[in-house]
Amino acid sequence: MKFVKPKDVENLLKNLEEDKGKKYFLAGGTDLNVQIKNGIIRDANIIYINHLTELSGISEENNIILIGATTSIMDILDSDLIKRHLPYFQRSLESFASPLLQNTATIGGNIANGSPTADVIPLLLVLNAKVELSSKSQCRLVYIKDFFTGYKQNVMKSNEIITHIIIDKNAEKDFLTFYEKVGSRRTLTISKVTLAGMKKVSGNRISQIRLAVGSLSEFPRRLFKVEDYITDKTLTEIDFSKVENLLGKEITPITDLRSDKEYRYHVCVNLIRTFLNQ
Amino acid sequence: MKQVRKFDARPKLDGSWKFLDDYSYKDMIYGGLFYSTVHHGIIRKITFPVEFNLTEFTIVFAKDIPGKNIVPEPECDQPFMADKEVFHFGQVIMGVAHPSKEILKKFIKQIKVEYEELPAIVDVKECLENEKNAFGKEIIIDHRRNVKPEKGWIRTHSVYYTTHQEQAYLEPQGMIAIYKPEDRIMFVRGTMQCPFFVKDGVEAIMGNTIKEAIIETSEGIGGAFGGKEDFPSLLAGITALLAYKSGKPVKVVLDRADDIQITTKRHPSRVEIETYTNPKTRKIRKLKIDYRLDAGAYQTLSPVVLARGVLHSIGGYAVEDVYIRGRLFRSNTPSNGAFRGFGAPQAFFAIESHIDKIASHMKINPYEFRKANILKFGDEFPTTQKITENHLYDCLERVIVKSDYHKKLKEFSKFNKTLKDKKGIGISIGYHGGGYTGSGEKLLNSEVKITIDKEGFVNIFVANVDMGQGAHTTLAQMVNETLEHPLEKTIVQLPNTKKTPNSGPTVASRTIYIIGNLLRKLSKKIKDELKFENLERFIKENQDKFPKEYRMHFTPDPSAVFDDKTYQGVAYKDYSWAACVTEIYYHADIYQIELKKIWNVLDIGNIVNPKIAEGQVEGANIQAMGYALSEFFYKKGYGRIQGFTDYAIPTTFDIPEIDIEFIHTDSTTAKGLGEIPMDYPAPAIRNAFYNATGIFIDEIPLTPERILKTMNKLPQTNTDDTQT
């Protein structure tokens, strides 16, 4: 295990070209340090990035909000810019881990760690956020819905790093929103089920809906099939058994020490129903 | 009664107060424990990793023990270290020490043991359902009075379960041992509740190789809750052996993961209750209880937990015909041990749940039903001990008024008719016998000492520790208020088995009740003897009389006799009484109970320090809330919890509104308080859930998963129940 501290982003990107091996970026360290301590991460290089100020901070550019990868959750909670444009995103993040961890944990880290229970990702999914991936030679944007490929797997190449998270300024405009993180207590809890939802209603018809879940599959994901079925229907037109049926095809809840698959499934169904009825 | 700030509050905040890991000694090395990772098996082969230089390590096995390989306990059946066979996961096989903490950790991690695995019982229900697992000895309280159930009487029969609970003290277990060969003294400093138990433990393992073990606590003890009652004896024993063999001071501080996995927990229970109730008089006429505890692999102090459990199992009710049977069961899990409440929380969960069930069968209000059966002056416990006051009844009446119980009951019933989410309100009552059970205090024969020096300092010497509960501040107050001496000149000395007399362990809600009242008595004697107006002035004017030392033994009330064989007589001289109401909000979407408010009304006699007393109630209520709602230590098929990640103790954000009122505070006796507020809240929460949903769940914790499972098994229940 080698510990590397690049002097700036340019230096970092150059190092990434040369270092082809397994590596982890250390920012807030709230997950990584635990994994190192428990021996889950052993022979990889650890690249420290929390001192790179270019990767941190919240800014606006035309119609978008840019959040640096190493911006802490607390910084997002404190940001006036976020408050102005993305109040639902900000409000929902209050249930992120605990105040202590919010001070340290970073948005980029929550994405890169890619836990099925990650608190930020369901929100970014319904907000249609993009992840900016940078390497020495290029910079590309990937929709968060396309970012994950499997359990803790993603599309990042060995020479890339997450530099920004990009959210449209109008992402929440005219939407009714929903967010519920279900854990064994109010704070400092790992989610058993998370549902993030955004919908637009015209008349009594749901003209647009986005639903994203956490802790119900290998990585947090959008419920596209359920969304397709609901879109353009009125509440009375929705056959809820059909919703349950489709949901069963999109999520794969498990039983573990923390919770049961039946519980996770039923709670997800209940929350979707509650959101639709809101 | 005086509001005095805890004297350790400031140094704990500024960091100057020393906890065990803050102590260091010259040439000190670090020790660790290597323990079994199978539940039951015979040790076939131990292999040490080759890349280490074995000569740098000090290693001790069972065979290296010069004294006895048995930890002194009420039941002496647990070895310090396993020899050939391990009986539970986490059983210590060897102690290891090395000058480097990091090398020690790596080395222990890589030690390999081959076991021949044997059948093991790890599941709580598998242990408690099978009577073949019983340890043999049992406790019977026989108060049968030949009552024959009549036609029309209501029979109610149920089995109630509770699970393990982790003490979750802030500071993990730790010991430092220093051997002084010149005078053959083994000095041990540690985080513990019972210095004299630890002394017995160290002297047992070291045998004749040492002349004496001297035990001193660290300055600060970061919580215990019973978890530092008996495990420290085992840890101190092995640490002492490492110090003896290495010739160097050895420090062992358990890593949190190890601490959680190998130390004692609250006993899981199975309590079966059968009652016959006369619906006309609303009186329970006949009651039978089968009280079982999962003791773990060894009995250790479990017989004492069992004793308190059965003695509290009838709850606060007067029943003519009673038969109680208590047994300990064996499993292949670490021995369960002391935890705030000590058998009583299990007992009250069962009986208080059962009372609501009978009330429901009889279609009457649970408060009315309690009122009809509650212990009153002239009634007796199944031990034939007479009730001499109506204080339990007073607590119940007061809490019903304070909580606006009747009004809420109506409001919630209306709310619940129209909405998916539900509101509920529940009651429980309880009590806790102060001090050791039965003849225990007589046998302990506790002694306290006070010295007064020329400079005007009053020094208090007791073996009871301040583990954060504020005991030393309260004890100092009990002395300084009697002597009318400045508090800053009244000092409680650090417990040390050579310097402080044996005033017994810091357990059983006895520190203020037994030791505090004894110190008051001694202070009164000092005052009467010296006949001073002002002690400080008296010392200045009579310097030749000082320093002076006073001692006093605890003298039990000769009229309070208990027969430890027949369980007849006075089990506890004084009881603290309490009643509680809880209000919950049930979130239907996520099957989750939220505790909104809890009202406590307690009679603990005279209050010494109101803030500290309230703190005890608040802390215990929150611990009980975790016990009732979220904390579980084991899940079938998924094993035992390995750390705090999945062990959900409530955090600040979860804490409900807590209302506390003490009544009958004009008493001259300060009674026990440490445990009672842990004893009763869990069933009140469970009863509130029934009130909200019409569903009885007879097992805690009431996790959302358990609630969903129960609902799925039920036919559609009518929540418009008959309680009015």
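Tutor: Gladly, and please keep in mind throughout that this is a predicted model. We can begin with chain A, where 9 residues of domain 1 are in contact with 8 residues of domain 2.

Student: What makes residues of domain 1 of chain A count as being in contact with residues of domain 2 of chain A?

Tutor: Two residues are in contact if their C-beta atoms, placed from the backbone, lie within 7 Å, and 9 residues of domain 1 of chain A meet that test with 8 residues of domain 2 of chain A. On the domain 1 side, helix 5 (87-92) and strand 8 (148-150) of chain A each give two or more residues, and by class this side has 4 nonpolar, 4 polar and 1 charged residues.

Student: Which residues have the most contacts inside the largest nonpolar core, and why is it called a nonpolar core?

Tutor: The name applies because such a core is a set of buried residues of listed kinds, Ala, Val, Tyr and Cys among them, joined through C-beta atoms within 7 Å. The largest one has 262 residues, and those with the most contacts inside it are Ala177(B), Val188(B), Ala240(B) and Ala578(B). Leaving aside residues up to four places away in sequence, Ala578(B) touches several residues, including Cys395(B), Ile429(B), Val601(B) and Tyr680(B). Apart from this core lies another, of 6 residues, among them Ile260(B) and Phe633(B).

Student: How many residues of chain A are in contact with chain B?

Tutor: There are 20 residues of chain A in contact with 15 residues of chain B. Helix 11 (residues 261-277) of chain A provides the largest share of the chain A side, 7 residues, and that side divides into 7 nonpolar, 7 polar and 6 charged residues.

Student: How do you know that domain 1 and domain 3 of chain B touch, when 35 Å separate their centres?

Tutor: The 35 Å is taken between centres over C-alpha atoms, whereas contact is judged residue by residue, with C-beta atoms within 7 Å. Helix 4 (195-206) and strand 11 (212-217) of chain B each give two or more residues to the domain 1 side.

Methods. Residues numbered from 1 in each chain as written. Chains lettered and ligands numbered in written order. Predicted model: local features only at pLDDT ≥ 70, side-chain atom pairs only at ≥ 80, totals over all residues. Helix = DSSP H or I, 4+ residues; strand = E, 2+ residues; numbered from the N terminus. Nonpolar A, V, L, I, M, F, W, Y, C, P; charged D, E, K, R; others polar. Buried ≥ 20, exposed ≤ 12 C-beta atoms within 10 Å, placed from the backbone. Domains from an automatic or database assignment.
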